[in-house]
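Hello,

Here is the structure I promised to pass on to you. Have a look at it first, and then read my notes below.

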Amino acid sequence: MTNLPFEGLRVVEFTHMVMGPTCGMVLADLGAEVIKVEPPTGDNTRRLLGAGAGFYPLFNRNKKSLVLDLQTPEGKEAVLKLIATADVVSENFKPETMKKLGLDYQSLKTLNPRLIHVSHKGFLPGPYDHRTALDEVVQMMGGLAYMTGRPGDPLRAGSSVNDIMGGLFGAIGVMAALSAREKTGVGSEVQSALFENNIFLVAQHMMQFAVTGKPAAPMPERISPWGIYDVFRVKDGGQIFLAVVSDTQWAIFCEALALTDLKTDERLHTNNGRVRAREWLIPQLRARLAGHSAAGLAAVFERHGLPFAPITQPHELLDDPHLLATGGLAPITLTDGERAGQTAQTVLLPLALDGERLGVRRNPPRLGEHSAELLAELGYSDEDAARLSQTVAKAA
């Protein structure tokens, strides 16, 4: 895609893990030049194992990597020269860390009054802001783990939802600040936080209590607003999610599966009636649908325009026909780990502009890949640039 919205925008980021890098990825996908400043040993996210192995390659595409040791006067001088050319600084380190380095907003706005500074933290300023937060921490204290798990068994969501959404809100804040700068000519400070993001995610359950006076039950025990809205175990151990959320859909469902007696049962004519009947209705449906295959039910539901979903594992989505047909996946070259140099499919932002997806212009950068060109642009000689950006290998 040409003429991306943020072409010409320069972002300097001091980020690691997921939240900060997500903000930078969004801005980079939209065309910004995002410069990831890394220490000589590199972002530790490059070396994560297990559930963290995908963090670096997913959230750092379309960026440049510059290695500087900010603990040295020379490295600090170089990064301040870079920030003087930037529109946005993004960071997700502890406030005292950035202040000690002179990279907090109060210090930088005197250097560059047009600068927009976005911080990604555990908590917005307040009684909790001294705590160290992780996605799982705020899911537990913010009600999301309670809502996801069974009663007495809190369970974190199966994705880094607060980190990712916190980065998205950071990017939204940057966009708002850029719009304001067009009017005022000066930059501003943006703050995004894991805890507050999590509270936004559970706000519907908080409002449910305000409306009904009753605490929300965990999702496995909730009173569904829909009569049929469940996972059904079917033939050969298969599973499928089926939903019937309107009276019209109920009639279609009954006709499609020859459930004439249920269609004519007056207790089931309305959605609220089916909700009240769930205690005896759902066991009946489980028994009647048990002889069908998941594929057969999927075909029936698709043919009649009814909501359904196969139970899919994430890796299976790499072969999803819809994602493949619509350009939702794109190839990148891995830069770290045992598969460095190999090609993998990455997931693009879930939006299109004028019918086009925002693609991959740059692979996730190798450590210090763009140091020489960026430092040369700032006026450093080849020898000085090589010395400033010297990398240090760190064992995995």
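**Salt bridges and a helix pair**

The structure holds 21 salt bridges; please keep in mind that this is a predicted model.

One of them joins the side chains of Arg10 and Glu377, at 2.8 Å from N to O. This pair links distant parts of the chain, 367 residues apart, with Arg10 in strand β1 and Glu377 in helix α17. Arg10 is buried at 7% relative accessibility, while Glu377 is partly exposed at 49%. Both also belong to a network of salt bridges that takes in Glu33, Lys64 and Glu373.

Another salt bridge runs between Lys121 and Glu91, whose closest N and O atoms are 2.9 Å apart. Lys121 is buried at 17% relative accessibility, and Glu91 is buried at 2%.

Arg288 pairs with Asp261, with 2.7 Å between the closest N and O atoms. Arg288 sits in helix α14 and Asp261 in helix α12. Arg288 is partly exposed, at 33%, and so is Asp261, at 41%.

Now for the helices. The axes of α9 (residues 194–201) and α10 (residues 203–212) come within 4 Å and cross at roughly 50°, which means α9 is oblique to α10. Ile199, Phe200 and Leu201 of α9 meet Ala203, Gln204 and Met206 of α10. The residues of this contact are 5 nonpolar, 1 polar and no charged.

As for disulfides, a search of the whole structure finds 0. Among the cysteines, Cys23 is buried at 0% relative accessible area and Cys254 is buried at 1%.

Best wishes

Definitions and conventions: Residues numbered from 1 in each chain as written. Predicted model: local features only at pLDDT ≥ 70, side-chain atom pairs only at ≥ 80, totals over all residues. Heavy atoms only, no water. Axes fitted to C-alpha atoms, helices over the stretch in contact; angles between N-to-C directions. Helix = DSSP H or I, 4+ residues; strand = E, 2+ residues; numbered from the N terminus. Parallel < 35°, antiparallel > 145°, perpendicular 65-115°, else oblique. Contact = heavy atoms within 4.5 Å. Nonpolar A, V, L, I, M, F, W, Y, C, P; charged D, E, K, R; others polar. Disulfide = S-S within 2.5 Å. Buried < 20%, exposed > 50% of the residue type's maximum accessible area, 1.4 Å probe, protein only. Salt bridge = Lys/Arg side-chain N within 4 Å of Asp/Glu carboxyl O.
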